[in-house]
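The terms are defined where they are used.

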Amino acid sequence: MANYFECNTCGRPFKEGQGIILTLAGKKLFFHSKGCAYKFFKEVLELSDKDCIDDGVEEVLKKYEEVIETKRKKAEKKI
Ligand SMILES: [Zn+2]
């Protein structure tokens with residue numbers, strides 16, 4: 001029998017293996033869809049200290065810029 005979880009954003013129940021389960025700040029969070037996860041984290045970020053977020057945004061932005069750059073270089077080589 002599958003376990004059921006309840007979405008923390010909208011209260012919708014979902015089966016184990018579906019939806020998104022994340023552990024953040026020592027808390028287990030359940031979302032039935034990406035949309036609900038996005039809504040939740042958007043609000044968390046809006047409530048968080050700006051200085052803390054700035055560093056995180058900068059770091060993640062840089063990381064993905066590098067990933068995109070690497071992909072582009074690989075694509076160029078194929079042509
Ligand atoms: Zn939901």
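The expected span of a helix is 1.5 Å times one less than its number of residues. Helices (H or I, at least four residues) and strands (E, at least two) are DSSP runs, numbered from the N terminus. Helix α2, residues 50-78, has 29 residues and reaches 42 Å from its first C-alpha to its last, close to the 42 Å expected.

This is a predicted model, in which local features need pLDDT of at least 70, side-chain atom pairs count only at pLDDT 80 or more, and totals for chains, interfaces and linings use all residues. Residues are numbered from 1 along each chain as its sequence is written.

The protein chain has 2 helices and 4 strands, in the order β-β-β-β-α-α along the sequence. Its radius of gyration (taken over C-alpha atoms) is 17 Å, well over the 12 Å that the globule rule (2.2 Å times the number of residues to the power 0.38) gives for 79 residues, so the chain is more spread out than a compact globule. The C-alpha trace spans about 50 × 35 × 20 Å along its principal axes.

A residue is buried if 20 or more other C-beta atoms, placed from the backbone, lie within 10 Å of its own. Buried residues make up 10% of the 79 in the protein chain, and α2 has 0 among its 29 residues.

Technical notes. A residue is buried if 20 or more other C-beta atoms lie within 10 Å of its own, exposed if 12 or fewer, and partly exposed in between; C-beta atoms are placed from the backbone.
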